[in-house]
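This briefing goes through one protein model, topic by topic. Please have the sequence and the structure open while reading.

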Amino acid sequence: VEKEKEKEVEIEINKEIEKEEQIEKEKEIDKEIEVEKVAKKQKVNDFQENMESDQLIEKNKELELGKEKQEKKLGKDMEIKNQAEKEIVYNTIGQEIDRIIEMEKINGQQIEMEEQEFRVEQEKEIEKQKEI
């Protein structure tokens, strides 16, 4: 009878472990989806910025036809501005990626701690069951 009870408890423990593992897998999938969403948003933003940059360059060309001297200076200024804007965007993207990576590290550590605590509890439960 005790062996049957131990087997039942062990089966229940295994079921709980499987449930926890499944939950963790689902969390990981959710995280991956979120990272993909951020990447897709960034691609859209980059595309829009490139379009805007192309439009600015086109306007520059139109002005050059009428005012070569003045436009040369303006073109250089626009180029510097575009480069500065791109650098700001790239820095922002880099910071966001770093933040996401840091969050993933923290989440990974948290999951490991939770798994460790769960295992310790399971071991305690098994020891209790063995004592019984």
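Is Glu96 buried, partly exposed or exposed? With a relative accessible area of 29%, Glu96 is partly exposed, since buried would require under 20% and exposed over 50%. The model is predicted, and every value below is computed from it. The protein chain has two helices and zero strands, and a search of the whole structure finds six salt bridges.

**Overall form**

- The secondary structure of the protein chain consists of two helices, with zero strands.
- The radius of gyration is 29 Å, well over the 14 Å given by the globule rule for 132 residues, so the protein chain is more spread out than a compact globule.
- Along the principal axes, the C-alpha trace of the protein chain spans about 100 × 20 × 5 Å.
- Of the 132 residues in the protein chain, 11% are buried.

**Salt bridges**

- Side chains of opposite charge can pair when their charged atoms come close.
- The whole structure contains six salt bridges, and three of them are described here, among them the pair formed by Glu96 and Arg99.
- Glu96 forms a salt bridge with Arg99, and the closest N and O atoms are 2.5 Å apart.
- Both Glu96 and Arg99 lie in helix α2, where three residues, or about one turn of the helix, separate them.
- Lys81 forms a salt bridge with Glu85, with 3.8 Å between the closest N and O atoms.
- Lys81 and Glu85 are separated by about one helical turn because they are four residues apart in helix α2.
- Lys81 counts as partly exposed at 41% relative accessibility, and Glu85 is partly exposed with a relative accessible area of 36%.
- In helix α1, Glu16 and Lys19 are three residues apart, about one turn of the helix.
- Glu16 and Lys19 form a salt bridge in which the closest N and O atoms are 3.7 Å apart.
- Glu16 is partly exposed, and its relative accessible area is 33%.

**Negative surface patch**

- Which residues gather in a patch of negative charge on the surface? They are Glu18, Glu20, Glu21, Glu114, Glu117, Glu121 and Glu125.
- Helix α1 (2-66) and helix α2 (68-131) each supply at least two residues of the negative patch.
- Helix α2 gives the most to the negative patch, with four residues.
- Glu21, one of the patch residues, lies in helix α1.

**Residue positions and distances**

- Asn14 lies in helix α1 and counts as partly exposed, at 37% relative accessibility.
- How far apart in space are Asn14 and Gln122, C-alpha to C-alpha? The distance is 9.6 Å, although Asn14 and Gln122 are 108 residues apart in sequence.
- Ile11 is a residue of helix α1 and counts as partly exposed, at 46% relative accessibility.
- Val120 belongs to helix α2 and counts as partly exposed, at 30% relative accessibility.
- Ile11 and Val120 are 109 residues apart in sequence, and their C-alpha atoms are 17 Å apart in space.
- Val120 and Asp30 are 90 residues apart along the chain, with 27 Å between their C-alpha atoms.

Methods
Residues numbered from 1 in each chain as written. Predicted model: local features only at pLDDT ≥ 70, side-chain atom pairs only at ≥ 80, totals over all residues. Heavy atoms only, no water. Patch = residues over 30% accessible without salt bridge, like charges linked within 9 Å, V, L, I, M, F, W, Y side chains within 5 Å. Areas by Shrake-Rupley, 256 points an atom, 1.4 Å probe, with all protein chains shown as cover. Salt bridge = Lys/Arg side-chain N within 4 Å of Asp/Glu carboxyl O. Lys, Arg positive; Asp, Glu negative; His and termini not counted. Charge placed at Lys NZ, Arg CZ, Asp CG, Glu CD. Buried < 20%, exposed > 50% of the residue type's maximum accessible area, 1.4 Å probe, protein only. Rg over C-alpha atoms; globule rule 2.2 N^0.38 Å.
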